[in-house]
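Colleague: I'm new to this one and would like to know where the labels come from. Can you take me through it?

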Amino acid sequence: MIALYLVLLPILGGTLSYLFNEKLAKISYYLIQCLQIVLVIFLFDQVRNDEIITYVVGGHTSNIGVEFIVDGINSKFVILTVLLFTVLLIYDFKKSYSNKLFLFLILILEGIISGIFMANDIFTLFVLIEVSTIIVSILIMFKKDSRSIYDGMLYLLINIVGMSFFSVGIGYLYKIFGTLNITLLRELIVVNSDLNLRLPFAFIITGVGLKSAIMPLFSWLPKAHGTPSAPPTVSALLSGIYIKCGVYLFLMFMTLFSPAINLQLFFELTGFLTAVIGFVFALSQKDIKLILAYHTVSQVGLIVFGYALGTEYAMYGSFYHITVHALFKSSLFLSAGIIVDKYKTRNITEIRGLFKSMPFVSVMIVIAILSITGAPFFSGSISKILISKDIKTSSQSVMFLIINIGTILSFVKYSTMLFGTSEKRFKVDLNQLVALTILSVLCLLMGVLGEHIVYQFFGAKLHLTFAMYLDKTVTFVLHAVIGVLFYIFVYERVSLFTKIRNTDVSFNNVVFFITIFFATLLMI
Amino acid sequence: MRRTSRELVSETLKLLYPVIIIFGFYLVIYGHQGPGGGFQGGVVLASSYIIKYIADGKTSLNLKKINYMEKVLYFLLVLFTALIMINSLDLVPVDFRKYVIVVLNILIGFKVCLATLVIFFRFVIYEDVR
Amino acid sequence: MNYIEVTALIIFFIGVYGLVARKNIMKSIISLNIMQAAIVLFFMSIDFTTETTSPINATDVSVAANPLPQALMITVIVIGISVTAVTLTMFINLYHKYGTTNWSKVVMKMRDEL
């Protein structure tokens, strides 16, 4: 029952509060957010002892009703959603664009994202994803700049095309099995694993793969996440939690079809290629937000690669990385928003000397960068240790090594902003600093207390001895030195990066890539 | 005095508006027993105002009030669904259970009519201002 | 009823072809509508025979049609209409800003602005 209230309360409360006048509406929205936090604490309390709660709306049977399920993994993501939205609302307290329409849309988005994580039947999922696509495309265009309408329109059209493919797949599943409930489908596919499920598999994985921005289907992401006119809150939201919905669904559908169709090597290669292309493109951009957006693509590739490895610890590692990436990517986007606000430019070559002009913010940025590159004691390293724990073949370790070095390379360039001189001293608002501090402290905690948290979340034991820490530190420093050397000597001479910066994929080409991906899935 | 062709069209269409509105109400109320339903009937109800605009070239609708009423109707609709349909019709006495869907259709019909009017007239006013 | 399913798939891929091969923005929006019409047709072809009656207030349950695809499809149609409305609003804005309805000309004008 609480699952339904978590979805329904923001929508009902948001609509009611929109009818009031401006001041009362703002107070009402913040009250509703506090109520949500209380509800989530109740929810976590109920699921804490490894129970699974299912709830069918209206009391029907589960094969025709709308069903919500809350188990160990879902509840963590729902808590992450509410936490991230609270932090973003704290950040946005005094901004000029946060009028009641903006807060209305953000609250509805919160309810829908919680619903997507908790949904147990595919049609609820489809409806919630479509509505959230429309809301996100309106939020992207919120400031109505010149570039934003093109970006928003491209985002909306490409995502709706992906969802159309997804719904044809749903039609096939309903025709073959007669039900759309995920628990029932799992049992039915295991029982009938010799049916030819190739066609629904291709349609559904194309649709969900486009939502989670894997290899040929990611070109909408930099335009949507790095667009000039989106407020930094919206970019943090998209890269932090909304893309995680897509990745979570992608992994879930991969597991759903895996008794019948097992394409593990294909998904490993897809994850690896996504990660490599992500950081190569990130290295060639000059705009802060575009660097961060391409880097999101790279991390999504790492998550898919980790999950496709197949071992138990790798699965825990990718879920841990989903949580941790949400925290530090939002922190990076929010601090990038502060930088753009004060320096009035988005070009990375024009911003220097952050340590002197905004010391507190630059400490937060350093914490986030160390987390994302996997420095020991910070949170990124725990997930990377988990993923690489049981790697079997040497080609997989080589791929993992390349992804690691690439991540460090792209962030060496980002951190050149911190050094240098600057004469100005900027004063940052208190609420923004509070928001950033919450996120950075959580990043640190999830790294230092990593063993305990892994045991709490997944029940798996992870022993980190002192020798392992030493080994990881030495490896990290070695990678960092390689990265700095590469940046100083090789980077300026290679003209590939400038060429990549100026390419642009048009809408027709994007749909063509979608069709090619679909045809590839049919033929493998 | 010569009447222009625009006035001819406008006067002729005045015969049609009652028919369209009654047809829209029929689709909304009998939507569960034949083709139709809340959404379809709502669009037909809105189309009568749209035809009046296309024939006349001017409109006297107050978009702010229509927007506000549409949000109120949306809130009532979700409240109705949340209270009654989700608790598996416990609050409704047994004799009235078959009218639940009629009430739902009527609410949806009005809301869709107002929403379509808002969408269409926002396009139109945008074009007129330019 | 296999031929309805094949027809729906053919219409769907005609819509996809329209998205790939035509550079006019209005044609992209119309192709999206064609794809959604094909999806509705595909769902309606599940368990289709010509002797079924309306499922609400039905007297004889065995000849009533399956109400689940009907309910799902009303949702899909409504979502399609709202997507078309939002896309058309964005298209009108784009047209007034750049004066062209061609995807590649819009990209060129945006690049000239920078």
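This is a predicted model: local features need pLDDT of at least 70, side-chain atom pairs count only at pLDDT 80 or more; totals for chains, interfaces and linings use all residues.

Colleague: What makes Ser10(B) buried, exposed or partly exposed?

Modeller: You count the other C-beta atoms within 10 Å: 20 or more is buried, 12 or fewer is exposed. Ser10(B) has 16, so Ser10(B) falls in between and is called partly exposed.

Colleague: Which residues does Ser10(B) touch, leaving out those up to four places away in sequence?

Modeller: Ala55(B) and Asp56(B). As for Ser60(B), it is 50 residues from Ser10(B) in sequence, and their C-alpha atoms are 15 Å apart.

Colleague: On to chain A. Why are helix 6 and helix 8 of chain A called roughly antiparallel?

Modeller: The axes of helix 6 (residues 146–177) and helix 8 (residues 198–211) of chain A come within 7 Å and cross at roughly 150°. Angles over 145 degrees count as roughly antiparallel, so helix 6 of chain A gets that label relative to helix 8 of chain A. Their crossing is left-handed.

Colleague: Which residues meet there, between helix 6 and helix 8 of chain A?

Modeller: From helix 6 of chain A, they include Gly162(A), Phe166(A) and Tyr172(A); from helix 8 of chain A, they include Leu199(A), Phe203(A) and Lys211(A). By class, the residues of this contact are twelve nonpolar, four polar and one charged.

Colleague: What about the largest nonpolar core: which residues touch the most other members?

Modeller: Ile116(A), Leu157(A), Ala368(A) and Cys443(A), out of 192 residues in that core. Take Leu157(A): setting aside its neighbours within four places in sequence, Leu157(A) is in contact with Phe507(A), and also with Ser28(C), Leu32(C) and Thr87(C). There is a second, separate core of 14 residues too, with Val28(B), Leu107(B), Ile108(B) and Val112(B) among them.

Key
Residues are numbered from 1 along each chain as its sequence is written. Chains are lettered from A and ligands numbered from 1 in the order in which they are written. A nonpolar core is a set of buried Ala, Val, Leu, Ile, Met, Phe, Trp, Tyr and Cys residues joined through C-beta atoms within 7 Å. Two residues are in contact if their C-beta atoms, placed from the backbone, lie within 7 Å. Axes are lines fitted to C-alpha atoms, for helices over the stretch in contact, and angles run from 0 to 180 degrees between N-to-C directions. Helices (H or I, at least four residues) and strands (E, at least two) are DSSP runs, numbered from the N terminus. Angles under 35 degrees count as roughly parallel, over 145 as roughly antiparallel, 65 to 115 as roughly perpendicular and the rest as oblique. A crossing is left-handed if the near helix is turned anticlockwise from the far one by less than a right angle, and right-handed if clockwise. Ala, Val, Leu, Ile, Met, Phe, Trp, Tyr, Cys and Pro count as nonpolar, Asp, Glu, Lys and Arg as charged, and the others, Gly among them, as polar.
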